[in-house]
Amino acid sequence: TGGTLDKLESIPGYRTDLSPERFREGLSKIGFAMIGQSATVVPADRRMYALRDVTGTVESVPLITASIMSKKFAEGAQALVFDVKCGSGAFMKNRRDAHALAQSLVSTGKGLDRKVVAVITDMDQPLGRAVGNFLEVEESIECLQGKGPADLVELTCRLVGWMLVLGGKTADPEAGRQMARSKISDGSAWELFLKNVEFQGGNTDFLLHPEKGPHARITCPLLAERSGIVARIDAYKVGLASVVLGAGRSRKEDAVYPGVGISILRSAGEKTGKGDELCLVEGEENEHVEEALRILAPAWQIGNEAPHRGPMILEELTQA
């Protein structure tokens, strides 16, 4: 699916091609800024990725590590928290490969005298209820206003907890998690996000009134073929359908569309009746919507009993 910068750039006017000077100004004035690769920020990595693409080395853990770390160190980061996804909807499909990448990130950071924590998290099923670019911005707004999906909020606050530990603000990630939740409750996290969007050229009116934001021309529901309880949603099929709609890329140079995506209406563990809407498919072209629906039809597995879902956090790797 689309990356973080694709999601942010779906906010009309928002720019991530900041100069290093503008990036530092954002850090100084607001406390955070969002920046992407450019002609002046890690330009060599773009060429190296293109070379990896044609030499079949995209999946090389050492090269993944070098690509990720070079960007962060070029930006001046002294401490890093990585969310390493694992499961059908992730680049790393199994726990062994996810652990290998996480371990590589942590050990490389230690060797370069940077504080690094890697959290391996479950991506066998979708996180939250939105898959898309502006759709996920809307979901982020709900999270920052204290109304987001519980699983997404809980995982985000745990990651923030580790960031606060590495930044010297709290002694342990649980205390950091509680601090993160308090910043959501008092509205200060939401206010900071609005300041960031304004600083980076985005129109905050689309955050205050997200119904005005980019949305797809066509909306079509996926209907349940039987009654029961949703046992599982295959995250890979959901991701594949989102790429068909244009929310993500099959190739690095592909364009993404801000308003398309999938809104999940029935998550794992929730009851559904035959004919109920499981999700909404939102696209710009009828043929893309129809293809996405065909991909999604077997993604919802409906049974008679509530499923057992394991923990979202599978492992936490530190330098200790």
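Which residues touch the most other members of the largest nonpolar core? In this predicted model, they are Ile 262, Val 281, Leu 296 and Trp 300, out of a core of 26 residues. A second, separate core is also present, and a search for disulfides across the whole structure comes back with zero. Here is a quick tour of each topic.

**The largest nonpolar core**
- Strands S4 (218-223), S5 (228-233), S6 (261-264), S8 (277-283) and S9 (300-303) each supply at least two residues of this core.
- Helices H11 (235-245) and H12 (286-296) likewise each bring at least two residues.
- H12 is the top contributor, giving five residues.
- As general background, nonpolar side chains in soluble globular proteins tend to be buried together.

**Around Leu 296**
- Setting aside neighbours within four places in sequence, Leu 296 is in contact with Leu 222, Lys 237, Val 238, Ala 241, Ile 262, Cys 279 and Val 281.
- Two of those partners, Ile 262 and Val 281, are listed with Leu 296 among the residues that touch the most other core members.

**The second core**
- This separate core has 17 residues, including Val 84, Ala 102, Ala 118 and Leu 317.

- Cys 143 is buried, at 12% relative accessible area.
- Cys 220 is in no disulfide either, with the nearest cysteine sulfur, in Cys 279, 9.3 Å away.
- Cys 220 is partly exposed, with a relative accessible area of 26%.

How values were computed:
Residues are numbered from 1 along each chain as its sequence is written. This is a predicted model: local features need pLDDT of at least 70, side-chain atom pairs count only at pLDDT 80 or more; totals for chains, interfaces and linings use all residues. Side-chain values use heavy atoms; hydrogens and water are left out. A disulfide is a pair of cysteine sulfur atoms within 2.5 Å. Buried means under 20% relative accessible area, exposed over 50%, partly exposed in between (1.4 Å probe, protein chains only). A nonpolar core is a set of buried Ala, Val, Leu, Ile, Met, Phe, Trp, Tyr and Cys residues joined through side-chain atoms within 4.5 Å. Helices (H or I, at least four residues) and strands (E, at least two) are DSSP runs, numbered from the N terminus. Contact means heavy atoms within 4.5 Å.
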